[in-house]
Amino acid sequence: MTGGGRGGRPLLPLAVAAVVIPAAVTAFGFTVYGEEITGALPFSSTPATPSHLVKPPTKLPLPTRPTPEPAQPPPPPPSPELVRQNVLSLFSSNGVKGITFAPGTTDHVGRGEAVQTGVGNLLGGVPGAVVTLVAHAWNGETVTHRCDVLAMRRAALVRDFLVARGVPAEAISTEVVVDPVWGPPSDGGPQVDVLVG
């Protein structure tokens, strides 16, 4: 054996151990931290791609609301001529000539109230319709023989009802007719005619 150190031990194995142990530690370091080390070296062949890069936030698409269909304009109101025909049809389908009242009173009789409601539904909200109420009274209906006053009270009731349904007050005129004879029982009673012009 060559060389000697103190006590006759060779120095070469110590020198080899001094080189081998640090090399093993270095190799282990390259294996574990290789990516980080190779990325930091200036002569590295691959560019550094850190795994911890944060991607920029992407905007989420905003929710879209459904586009509403364009509002359809309301249908035009019926013409006064059409309303006039509908009122006449209402009277004939109920078997009356107008809104009927019990003789001597301002109370509806028979289909009088239902017909009045139907007329109000037909005339309410019809612009430009001119309405004439012809209030009938039968001669001798009242003790005072003031049948014209009774007829006028009936017309006022119908007028107020129509105004409440949306018919302009200025579009309603009133006439009074005192019939010289009583109508047949089938009439039910004197009526208020509704004429639409």
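**Close-up views of a predicted model**

**Figure 1. The largest nonpolar core of the predicted model.** This core has 27 residues, of which Val119, Leu123, Val131, Leu133, Leu162 and Val194 touch the most other members. Two or more residues each come from helix 3 (80-93), helix 4 (112-123), strand 2 (131-138), helix 5 (147-164) and strand 4 (191-196). With six residues, helix 5 is the element that gives the most to this core.

**Figure 2. Surroundings of Leu133.** Leu133 is among the core residues that touch the most other members. Neighbours within four places in sequence are left aside in this view. The residues in contact with Leu133 are then Ala155, Val158, Arg159, Leu162, Ile172, Ser173, Thr174, Glu175, Val192, Asp193 and Val194.

**Figure 3. Thr132 in strand 2.** Thr132 has 17% relative accessibility and therefore counts as buried, the cut-off being under 20%. A polar contact of 3.3 Å joins the side chains of Thr132 and Ser173. Not counting residues up to four places away in sequence, Thr132 touches Ser173 as well as Glu175, Asp193, Val194 and Leu195.

**Figure 4. A nonpolar surface patch that includes Val178.** Met152, Val176 and Val178 make this patch, which covers about 210 Å². Val178 belongs to strand 3 (residues 172-179). Its relative accessibility is 39%, so Val178 counts as partly exposed; that class lies between the limits of 20% for buried and 50% for exposed.

Note on methods. Residues numbered from 1 in each chain as written. Predicted model: local features only at pLDDT ≥ 70, side-chain atom pairs only at ≥ 80, totals over all residues. Heavy atoms only, no water. Patch = residues over 30% accessible without salt bridge, like charges linked within 9 Å, V, L, I, M, F, W, Y side chains within 5 Å. Areas by Shrake-Rupley, 256 points an atom, 1.4 Å probe, with all protein chains shown as cover. Salt bridge = Lys/Arg side-chain N within 4 Å of Asp/Glu carboxyl O. Helix = DSSP H or I, 4+ residues; strand = E, 2+ residues; numbered from the N terminus. Buried < 20%, exposed > 50% of the residue type's maximum accessible area, 1.4 Å probe, protein only. Core = buried A, V, L, I, M, F, W, Y, C linked by side-chain atoms within 4.5 Å. Contact = heavy atoms within 4.5 Å. Polar contact = N/O pair within 3.5 Å; in protein donor to acceptor, adjacent residues only side chain to side chain.
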